[in-house]
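Keep the sequence and the coordinates in view while reading.

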Amino acid sequence: MSVHSAEDSKKTGKRNFNDQFESPDFYAIDDLLTEEHKLVRASIRDFVKKEITPNIEDWCQKAHFPYGIVRKFGDVGAFGPTIPVEYGGGGMDYISYGLIMQEIERGDSGMRSTASVQGSLVMYPIYKFGSEEQRKKYLPKLASGEWLGCFGLTEPNHGSNPGGMLTNFRDMGDHYLLNGAKMWISNSPKADVAVVWAKNEEGRIHGLIVERGMEGFSTPETHGKWSLRASTTGELVFDNVKVPKENLLPNKSGLGAPLMCLDSARYGISWGALGAAMDCYDAARRYSLERIQFDKPIGSFQLVQKKLAEMLTEITKAQLVCWRLGKLMDEGKATTAQISLAKRNSVAIALDIAREARQIHGGMGITGEYPMMRHMMNLESVLTYEGTHDIHLLILGHEITGIPAFK
Amino acid sequence: MKILVCITHVPDTTSKISFSDNNTKLNSAGVQFIIGPYDDYALARAVELKEASGGTVTVLNVGEADTEPTIRKALAIGADDAIRINAFPTDSYFVAQQIAAVAKEGNYDLILMGRESIDFNGGMVHGMVAEMLGLPSVSPVMKLDIDGGKATLSREIEGGKETLELNLPFVAGCQEPIAEWKIPNMRGIMSARTKKLEVREPAQAETKTKLDNYELPAPKGEVKMIDKDNVDELVRLLKNEAKVI
Ligand SMILES: Cc1cc2nc3c(=O)[nH]c(=O)nc-3n(C[C@H](O)[C@H](O)[C@H](O)COP(=O)(O)OP(=O)(O)OC[C@H]3O[C@@H](n4cnc5c(N)ncnc54)[C@H](O)[C@@H]3O)c2cc1C
């Protein structure tokens, strides 16, 4: 419910957002941020309150991907904030990138997925592994949201084990011939450009830029999701697609190339899931003070306080992990295992917090009046994509013991 | 066209306000400061006018160093450069003298600001500045279009609105819906880093008022519910407790 009516807004000149979200900062982590970081966060928060939270419930209930948000994300600068300005990016540091993801996912994980796929999984590989011509051709249009991109790694029979992929291309002299299929691809049904990972004749993985309109390339949508309903997901089907040779990403090959993209995206998810956790906590804190049972606000009962105290504890720990990881990213020192720890932790605590916050809301908690159920369902995807909860344990286990336990 | 936009640095409207030093100082700890919301409208319109027909937007703030993040935000929104007059804005007259000094030197075609600040809500600065410069002043302006050296604007008046035509330059106090607030984008935030923020020492000026102290409104009393049939109790409470009858 809104505390500010339109009348109030007229009197005070205050922005009239119904969405009252405020993020917790129990350990004065803001003192570790620059004024610029805080302005980034405040701006994206305002953007989310204006463009996302008023509509997100409706979009999710109708499983509608709001294509118009793509341009708006481009305008506000949510696509590829760490990509240099000369290619249309923001030229920002990783703390800013993290804060942008936190605020967008605070609004909705599906919206954050749209933005992080575009930035970390499409723009990042083109910037890192692409030729100068490729950078110039694709990055500015992806940054502005004129084009939407997707990232095709997962296949129907190869999810956690992408190295086993079957999608392949053959050198036909003046072009490559691409065959195979990808599944669970965020943004695919509306994408103009796909960064696709496929094996050459020698079985080496390369990245190829496939464009909508190429003959034999289709993107059927995946229907019936109970999660990320405002994000569109689909397949990528390649039936003898002729890909021009200049569309191969020249500067890196092997499984390491897509895994580097995943590192960047997983870093964003660490902050993003934390945003979803904050939204649930903030809703629960407010509700616990408003809802009266047994003649008292439910926040006066010890069991409710325990839930809130535990939520704040986990959020605070995760904030410190994300902040430190961001600094390591900026210094170019963050390792895959460190990113795994943060991604896995943030998503796990966010899911727990969503469930507990849902309980604090009682029956109201299952409705779309409050965000917890939506976050909870969204986070089930976030728990699985970009390396499942368990695969990250294996990455950490490998780091600790030196022994890979994947197979 | 050279536009000067004067912005205030004020507590967010949801801030909890308290005072220290015998109720003579605002306790700023934990208070979030923002661009004055009416000034924010003025800034948004200035940036739109610049985008439509070229020119420059300079933001001006009279304030101490702690206002710089607020000024940077204005630069991120689209102002080209900024001036901070390094002084605490003691009262409207003092602030107006500072603005007038800058305006005289800068030869601006248009001076915009909010209809009032939302901390002290004086609503006098635009009028004073115009008087000091010998220019017309209009407020609250809800619509502003410029065509060459002429402006068409509409203004809220008691029970209606008036539409005016005016030659540049003039001073306007703005309010919604003159423009929609702008949210800074990431590129704007990055380019604000390198935009010029000039700090000037205040012009010689007088302060004609002296602050005694601030007082917060009394906290709202508790609501008492009285059964609709118990009129005697209602009358008793109105007489003895509320003392209004
Ligand atoms: C909404 C959504 C969007 C997505 N978007 C994209 C996208 O844009 N691009 C893209 O390429 N992919 C995308 N994915 C795919 C995602 O990355 C995969 O779903 C994920 O990697 C898991 O693969 P899988 O679903 O095949 O599960 P599987 O790999 O079959 O795993 C099933 C279960 O087995 C467990 N498991 C597997 N191997 C091991 C092992 N060695 N040891 C222990 N446990 C194991 C897993 O942890 C999991 O619990 C998306 C998925 C979803 C749901």
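Helices (H or I, at least four residues) and strands (E, at least two) are DSSP runs, numbered from the N terminus. This is a predicted model: local features need pLDDT of at least 70, side-chain atom pairs count only at pLDDT 80 or more, and totals for chains, interfaces and linings use all residues. Residues are numbered from 1 along each chain as its sequence is written, while chains are lettered from A and ligands numbered from 1 in the order in which they are written.

A:Ala265 lies in helix α8 of chain A. A:Ala257 is found in helix α8 of chain A as well. Burial is counted on C-beta atoms placed from the backbone: a residue is buried if 20 or more others lie within 10 Å of its own, exposed if 12 or fewer, and partly exposed in between. A:Ala265 has 23 other C-beta atoms within 10 Å, so this residue is buried. A:Ala257 has 19 C-beta neighbours inside 10 Å and therefore counts as partly exposed.

| Pair | Places apart along the chain | C-alpha separation |
|---|---|---|
| A:Ala265 and A:Ser120 | 145 residues | 5.1 Å |
| A:Ala257 and A:Lys128 | 129 residues | 9.3 Å |

Two residues are in contact if their C-beta atoms, placed from the backbone, lie within 7 Å. Leaving out residues up to four places away in sequence, A:Ala265 touches A:Ser116, A:Ser120, A:Leu121 and A:Glu386. With the same exclusion of residues up to four places away, A:Ala257 touches A:Pro125, A:Phe129, A:Ile205, A:Gly207 and A:Lys252.

**The nonpolar core**

A nonpolar core is a set of buried Ala, Val, Leu, Ile, Met, Phe, Trp, Tyr and Cys residues joined through C-beta atoms within 7 Å. The largest one has 173 residues. A:Ala277, A:Ala350, B:Val5 and B:Leu43 have the most contacts inside it. Helix α8 (residues 256-290) of chain A supplies the largest share of this core, 16 residues. Not counting residues up to four places away in sequence, A:Ala277 touches A:Ile315, A:Ile349, A:Ala350 and A:Ile353.

**Domains of chain A**

Domain bounds come from an automatic or database domain assignment. Chain A is divided into domain 1 (21-144), domain 2 (149-247) and domain 3 (256-401). The C-alpha centres of domain 1 and domain 3 of chain A lie 18 Å apart. Their contact takes 34 residues from domain 1 and 34 residues from domain 3. On the domain 1 side, α3 (56-61), α5 (94-107) and α6 (109-129) of chain A each supply at least two residues. α5(A) gives the most to that side, with 11 residues. For residue classes, Ala, Val, Leu, Ile, Met, Phe, Trp, Tyr, Cys and Pro count as nonpolar, Asp, Glu, Lys and Arg as charged, and the others, Gly among them, as polar. The domain 1 side that touches domain 3 divides into 17 nonpolar, 8 polar and 9 charged residues.

**The ligand shell**

Which residues of the shell are closest to the ligand? They are A:Leu153, A:Thr154, A:Gly159, A:Ser160 and A:Thr388, and 22 residues surround the ligand. A residue is near a molecule or strand if its C-beta atom, placed from the backbone, lies within 6 Å of it. β1 (149-152), β3 (175-186), α11 (372-384) and α12 (389-401) of chain A give two or more residues to the shell. By class, the shell has 11 nonpolar, 9 polar and 2 charged residues. Domain 2 and domain 3 of chain A both give residues to the shell, so the ligand lies between them.

**A hairpin in chain A**

Two strands pair if DSSP finds at least two bridges between them. Strand β2 (residues 168-171) of chain A runs antiparallel to β3(A), joined by 4 bridges. A:Asp171 has A:Tyr176 as its bridge partner in β3(A). This hairpin has 3 residues between the strands, and A:Gly173 takes a positive phi near 90° there.

Chain B comes to 6 helices and 13 strands. Buried residues make up 40% of its 245 residues. Strand β6 (residues 56-62) and β7(B) pair in the parallel sense over 5 bridges. In β7(B), B:Arg84 is the bridge partner of B:Asn61. In strand β7 (residues 81-85) of chain B, 4 of the 5 residues are buried, so this strand is largely enclosed by the rest of the structure.

The contact between the chains takes 16 residues from chain B and 20 residues from chain A. On the chain B side, α1 (37-53), α2 (68-77) and α5 (186-192) of chain B give two or more residues. That side divides into 11 nonpolar, 2 polar and 3 charged residues.
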